[in-house]
Amino acid sequence: VYVISAVKNSKFTTYVGHTNNLKKRLYLHNKGKGAKFTRGRHWKVIYKEKYTTKNEAMSREYYIKKNRKFRNSIKKMFK
């Protein structure tokens, strides 16, 4: 599970996802492949967690996406 951030027009944006190869996934985000939302920005990993199963990772990803308080605390650390 990962949180990536980008700054565009002085706006700090985050994206949450899950993958089994973070290095490759970040490369694809920065190349404009993958999620439509991530295109046109330069992304950096600001937070990551490891899980043993895909289901655990997907549950945590969903939690982070829905919990604005947690996401904002991550954003504050890296602004």
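Two strands count as paired when DSSP finds at least two bridges between them. With that in hand, I opened this predicted model and looked up its sheet.

Entry 1: I found an open sheet of 3 strands, in the order 2-1-3 and with antiparallel pairing. Strand 2 and strand 3 (44–48) are the edge strands, each pairing on one side only. From one strand to the next, I read an average twist of 30°.

**Entry 2: the pairings.** I then went through the bridges. Strand 1 (residues 2–8) is joined to strand 2 by 7 bridges, and the two run antiparallel. Here Ser5 has Thr14 of strand 2 as its bridge partner. I also noted that strand 1 and strand 2 form a hairpin with 2 residues between them. In that turn, Asn9 shows a positive phi of about 55°. On to strand 3: 4 bridges join strand 1 to strand 3, again antiparallel. Val3 stands opposite Tyr47 of strand 3.

**Entry 3: the helices.** Helix 2 packs on the sheet and touches strand 1, strand 2 and strand 3. I noted about 155° between the direction of helix 2 and that of strand 2. Helix 3 packs on the sheet as well, touching strand 1, strand 2 and strand 3, with its direction at about 125° to that of strand 2.

**Entry 4: burial of strand 2.** I wondered how many residues of strand 2 (residues 11–17) are buried. The count is 6 of the 7, so strand 2 is largely enclosed by the rest of the structure.

**Entry 5: the rings.** I counted 5 aromatic pairs. Phe37 and Trp43 have ring centres 6.4 Å apart and planes at 40°, so I logged the pair as tilted. Phe37 is partly exposed, because its relative accessibility is 42%. Trp43 is buried, at 1%. Tyr63 and Phe70 make another tilted pair, with centres 6.3 Å apart and planes at 50°. Tyr63 is partly exposed at 40% relative accessibility. I also saw that ring pairs link Tyr2, Tyr15, Phe37 and Trp43 into a cluster.

**Entry 6: charges over rings.** Arg41 has its charged end over the ring of Phe37, 4.9 Å from the ring centre. Arg60 has its charged end over the ring of Phe70, 5.0 Å from the centre.

**Entry 7: confidence.** I finished with the pLDDT values. The protein has a mean of 92, and 99% of its residues reach 70 or more.

Methods
Residues are numbered from 1 along each chain as its sequence is written. This is a predicted model: local features need pLDDT of at least 70, side-chain atom pairs count only at pLDDT 80 or more; totals for chains, interfaces and linings use all residues. Side-chain values use heavy atoms; hydrogens and water are left out. Buried means under 20% relative accessible area, exposed over 50%, partly exposed in between (1.4 Å probe, protein chains only). Rings of Phe, Tyr and Trp (its six-membered ring) pair if their centres lie within 6.5 Å; planes under 30 degrees apart count as stacked, over 60 as edge-to-face and the rest as tilted. A charge sits over a ring if NZ of Lys or CZ of Arg is within 6 Å of the ring centre and within 35 degrees of the ring normal. pLDDT is the predictor's confidence in each residue, from 0 to 100. Axes are lines fitted to C-alpha atoms, for helices over the stretch in contact, and angles run from 0 to 180 degrees between N-to-C directions. Contact means heavy atoms within 4.5 Å.
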